[in-house]
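Have the viewer open alongside.

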Amino acid sequence: LASDFKDAHGHGTEMAAVLLRDAPDIELKAIKVCSSGLQTSPEALAAGVETALRHGAKILVVALSTSDPGRMQLLRSACSMAAEAGALLVTCAHPLGESSFPADFPESIAVLSHPDCPKGRFFHFSKSSTQPDAWTALHGTFLTHGYTHTDSPEYHGASLAAASVGARLACLAQALPEAGAQELLERLRIQALSPDPELGFA
């Protein structure tokens, strides 16, 4: 969206590779919200969300997060703005279950990754009586692989997992152009597998 589109650390390029591989017909808009050291802030993330909405984005993938709870109001307002605009906000949750924003906001679709999850599979933690109590905090969260799409895949974690889930939503939106945000999200949940505490993610 601007002349300064150089990727200083490769994170955005990896994200774009996942999105365009899994949803090749999308119109991709890239918005830089971090420094060369992958540092960001609630203000930068909020500005990125608002910029994406102004440019008509309907599926936003925010592959960065912040844990600073003292400066969340601006970011929360941006996430609420996305929901009101009928957009879906896909975010990466903290791998250790710690507080992470915007993933912890109810307007967000939180995504985790696991190195044992094969490519092409993704899971949804629903409120099921068959899932252990230890998974209670994961209710509503999606999980998929976090590997790069290269000949020698590398594990990059939840940011690439969020891109993969965002691409799935984009494909659903293309297949169901009249569907609203909540219908698309429900379709995604239906497509997802249910994790099994005994079988894992294989």
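Glu 107 has a relative accessibility of 21%, so it counts as partly exposed; the cut-offs here are buried under 20% relative accessible area, exposed over 50% and partly exposed in between, with a 1.4 Å probe and protein chains only. Its salt-bridge partner is Arg 76, with the closest N and O atoms 3.0 Å apart. Arg 76 is partly exposed too, at 28%. Arg 76 sits in helix 3 (residues 73-84) and Glu 107 in the loop between strand 2 and strand 3, so this pair ties together parts that are 31 residues apart in sequence. Helices (H or I, at least four residues) and strands (E, at least two) are DSSP runs, numbered from the N terminus.

A word on ground rules: this is a predicted model, where local features need pLDDT of at least 70 and side-chain atom pairs count only at pLDDT 80 or more, while totals for chains, interfaces and linings use all residues. Residues are numbered from 1 along each chain as its sequence is written, and side-chain values use heavy atoms, with hydrogens and water left out.

How many salt bridges are there? The count comes to 5, taking a salt bridge as a side-chain nitrogen of Lys or Arg within 4 Å of a carboxyl oxygen of Asp or Glu.

| Salt bridge | N to O distance |
|---|---|
| Arg 76 and Glu 107 | 3.0 Å |
| Arg 187 and Glu 183 | 3.7 Å |
| Arg 21 and Asp 22 | 3.8 Å |

Arg 21 is exposed, at 53% relative accessibility, whereas Asp 22 is partly exposed at 27%. Arg 187 and Glu 183 both belong to helix 5 and are 4 residues apart, about one turn of the helix. Why does that spacing matter? An α-helix has 3.6 residues a turn, so residues three or four places apart point the same way. Arg 187 is partly exposed at 38%, and Glu 183 is partly exposed at 37%.

Arg 187 also turns up in the surroundings of Leu 176. Leaving aside neighbours within four places in sequence, Leu 176 is in contact (heavy atoms within 4.5 Å) with Leu 184 and Arg 187. Leu 176 lies in the loop between helix 4 and helix 5 (181-191) and is partly exposed, at 24%.

Of its 18 residues, 13 are buried, so helix 4 is largely enclosed by the rest of the structure.

Now the aromatics. The whole structure holds 2 aromatic pairs, where rings of Phe, Tyr and Trp (its six-membered ring) pair if their centres lie within 6.5 Å, and planes under 30 degrees apart count as stacked, over 60 as edge-to-face and the rest as tilted. Phe 101 and Phe 105 make a tilted pair, 5.2 Å centre to centre with 40 degrees between the planes, and both are buried. Phe 122 and Phe 142 are stacked, at 6.3 Å and 20 degrees. Phe 122 is in strand 4 (residues 122-124) and Phe 142 in strand 5 (residues 142-144), so the pair ties together parts 20 residues apart in sequence. Phe 122 and Phe 142 are both buried.

Last stop, Ser 100: is it buried or exposed? Its 1% relative accessibility makes Ser 100 buried. Ser 100 is found in the loop between strand 2 (88-92) and strand 3 (108-113). Beyond neighbours within four places in sequence, Ser 100 touches Ser 65, Thr 66, Cys 92, Ala 93 and His 94.
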